[in-house]
Amino acid sequence: MTVVGATGWPAKLSEGRVRLRPIQVRDAEAWYEVRGRNQAWLAAWEATTPGGASQRVTFKQMVRRLRRDARAGRVLPFVVTYDNVLVGQ
């Protein structure tokens, strides 16, 4: 496994054709596509929004929050890519 930037955030990890890298705003289209294909399977683990649908955040807001929390050491918001195609988070 290759680790790049492991001393802090953002870290990138790779092994062959599989990579873990920080989520980015430009991942929105691919993220929504993967999530949509897997919606039924993900439903069992999906968190609910405390304020309901009116409190949902945009993808950009979600990424910004995740990256802020990553810098604070609270989360590791990686996406998984295979041959540079986003396949999961």
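This is a predicted model: local features need pLDDT of at least 70, side-chain atom pairs count only at pLDDT 80 or more; totals for chains, interfaces and linings use all residues.
Residues are numbered from 1 along each chain as its sequence is written, and side-chain values use heavy atoms, with hydrogens and water left out.

Let's begin with the strands. Helices (H or I, at least four residues) and strands (E, at least two) are DSSP runs, numbered from the N terminus, and two strands pair if DSSP finds at least two bridges between them. Please find strand E3, residues 18–22, and strand E4, residues 78–82: they run antiparallel and are joined by five bridges. Within that pairing, Arg19 has Thr81 of E4 as its bridge partner.

Now, which strand pairs with E4 over three bridges? That is E5, residues 85–88, again in the antiparallel sense. Here Tyr82 has Val85 in E5 as its bridge partner. E4 and E5 make a hairpin with two residues between them, and Asp83 in the turn has a positive phi of about 50°.

Next, two single residues. Ser14 is buried because its relative accessibility is 16%. Its C-alpha lies 9.6 Å from that of Val80, although Ser14 and Val80 are 66 residues apart in sequence.

Arg71 belongs to helix H3, residues 59–71, and counts as exposed because its relative accessible area is 58%. Between the C-alpha atoms of Arg71 and Pro10 there are 8.0 Å, with 61 residues separating the two along the chain.

Finally, the rings. Rings of Phe, Tyr and Trp (its six-membered ring) pair if their centres lie within 6.5 Å; planes under 30 degrees apart count as stacked, over 60 as edge-to-face and the rest as tilted. The whole structure holds four aromatic pairs. One of them is Tyr32 with Phe59, tilted, at 5.7 Å centre to centre and 50° between the planes. This pair links distant parts of the chain, Tyr32 in helix H1 (residues 28–37) and Phe59 in helix H3, 27 residues apart. Tyr32 is partly exposed at 46%, whereas Phe59 is buried at 6%. Ring pairs also link Trp31, Tyr32 and Phe59 into a cluster.

Conventions:
Buried means under 20% relative accessible area, exposed over 50%, partly exposed in between (1.4 Å probe, protein chains only).
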